Protein chains: 2
Amino acid sequence: MDSDDDSPFGYDAFQRTCPSHTVLEMLASKWVYLVVCALRRGRMRNGELARKLEGITPKMLTQTLRVLERDGLVRREVFPVIPPRVEYELTGLGRNLAGLLIQIRSWAEEHAPDIKEARARATEHQDA
Amino acid sequence: MDSDDDSPFGYDAFQRTCPSHTVLEMLASKWVYLVVCALRRGRMRNGELARKLEGITPKMLTQTLRVLERDGLVRREVFPVIPPRVEYELTGLGRNLAGLLIQIRSWAEEHAPDIKEARARATEHQDA
DNA sequence: ATCATCACTATCCATAAGGTACCTATATAT
DNA sequence: ATATATAGGTACCTTATGGATAGTGATGAT
């Protein structure tokens, strides 16, 4: 009850400079959450990630990893061998973000039923 | 270190049924975060919200409020007077979500500098 | 000689989110 | 008669995102 102010408006109303905006934009990307969760187990190769996250296309996997690398959440290590070998792992910041994701997941699991119930009631009323 | 498993994969790999997906999808919407934060102060009329969230268009404000209402986060009360008067307020679930948003904001404010630094380093290297 | 593997990379396309502009209704004020 | 305030709705357009598809280079296996 301390950071309990309206402060998103303190930055320029959620434009590019607001930290929350930066973070929520990251989390909104469809695969970021899954990739970070997958990497919590330890370093992994591109192929292992692709198998773990079934449904992801190579393009989206690479794209997601590049963004995470650019933002300092993932470290990328290339071994100069043939065939190529590349390993990814979370940085300290990345592991820290994983902690936040777990908080979000726990909130989600606790309250998803309420949301679903509300949605069900809403579609009922509109059908009526 | 308890919900410390890989469980997003327990649901069908982040498809529609995963609670985290539902919640992150909500938060990803550009205005949800701002509207919920604004409503933490108490009930408000459409016009007040519009003034507080400068930059939002009437369309997006209405659309955002309708989604929040449908999901049970906001209660909408219409007074049958002329000119029309409509008030919005957070439900219990909505106030609860606001709590999560504050956690996210606090993480964001703590770590945004690291992310910015990483991005700066990344663009440096690409320019070089 | 051909194929598969690994880790991408490039290109195109469909969808959807968000933005712009204009429309509604009614009562009061001028 | 006209303008204003209120709380929207609707049609249309642009852009960003994600997904599908195909291609790259090098080597080892068949």
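## The surface near DNA strand D

By class, the residues that form the surface near DNA strand D comprise seven nonpolar, six polar and seven charged ones. The structure discussed here is a predicted model, and the contacts described below should be read with that in mind. Around DNA strand D there are 20 residues, and those that come nearest are Lys30(A), Lys59(A), Arg45(B), Arg76(B) and Tyr88(B). Of the atoms of this DNA strand D that come within 4 Å of the protein, sugar and phosphate account for 80%.

In the side chain of Lys59(A), an N or O atom is 2.2 Å from a base oxygen of DNA strand D, whereas Arg45(B) places a polar side-chain atom 2.6 Å from a phosphate oxygen of DNA strand D. Pro84(B) takes part through its backbone, an N or O atom of which lies 3.0 Å from a sugar or linking oxygen of DNA strand D. The elements that give two or more residues to this surface are H4 of chain A and, from chain B, helix H3 (46-52), H4 and strand S3 (85-90).

## The surface near DNA strand C

DNA strand C has 19 residues around it, of which Arg45(A), Arg76(A), Tyr88(A), Lys30(B) and Lys59(B) come nearest. Of the atoms of DNA strand C within 4 Å of the protein, 67% belong to sugar or phosphate, and the rest belong to bases. Sorted by class, the surface near DNA strand C holds seven nonpolar, five polar and seven charged residues.

Two or more residues of the surface near DNA strand C are given by each of helix H3 (46-52), H4 and S3 of chain A, and by H4 of chain B; the largest share, four residues, comes from H4(A).

## Strand pairing in the two chains

In chain A, S2(A) and S3(A) pair in the antiparallel sense over six bridges, and they form a hairpin with five residues between them. Within this pairing, Glu77(A) stands opposite Glu87(A) in S3(A).

In chain B, S2(B) and S3(B) pair in the antiparallel sense over six bridges, with a hairpin of five residues joining S2(B) to S3(B). Val74(B) is found opposite Leu90(B) in S3(B).

## A buried helix in chain A

Helix H1 (residues 19-28) of chain A is largely enclosed by the rest of the structure, because eight of its ten residues are buried. The buried residues of H1(A) are Pro19(A), Ser20(A), His21(A), Thr22(A), Val23(A), Leu24(A), Met26(A) and Leu27(A).

## Pockets lined by both chains

The largest pocket has a volume of about 320 Å³. Its lining consists of 15 residues, of which Ala118(A), Arg121(A), Glu69(B), Arg70(B) and Gly72(B) lie nearest the centre of the pocket. At least two lining residues each come from helix H5 (92-127) of chain A and from helix H4 (58-70) and strand S2 (74-79) of chain B, with H5(A) supplying the largest share, seven residues. The lining of the largest pocket divides into four nonpolar, four polar and seven charged residues.

The second largest pocket holds about 270 Å³ of space, and among the residues that line it are Glu69(A), Arg70(A), Gly72(A), Ala118(B), Arg121(B) and His125(B). Here the elements that each supply at least two lining residues are helix H4 (58-70) and strand S2 (74-79) of chain A, together with helix H5 (92-127) of chain B. H5(B) gives the most to the lining of the second largest pocket, with four residues, and by class this lining has three nonpolar, three polar and five charged residues.

Methods
Residues numbered from 1 in each chain as written. Chains lettered and ligands numbered in written order. Predicted model: local features only at pLDDT ≥ 70, side-chain atom pairs only at ≥ 80, totals over all residues. Heavy atoms only, no water. 1 Å grid on protein atoms, 1.4 Å probe; cavity = no way out; pocket = protein on both sides within 12 Å on 5 of 7 lines; lining within 4 Å. Points joined across faces, edges and corners; volume = space filled by probe spheres on them. Nonpolar A, V, L, I, M, F, W, Y, C, P; charged D, E, K, R; others polar. Near = heavy atom within 4 Å. Polar contact = N/O pair within 3.5 Å; in protein donor to acceptor, adjacent residues only side chain to side chain. Buried < 20%, exposed > 50% of the residue type's maximum accessible area, 1.4 Å probe, protein only. Pairing = 2+ DSSP bridges.
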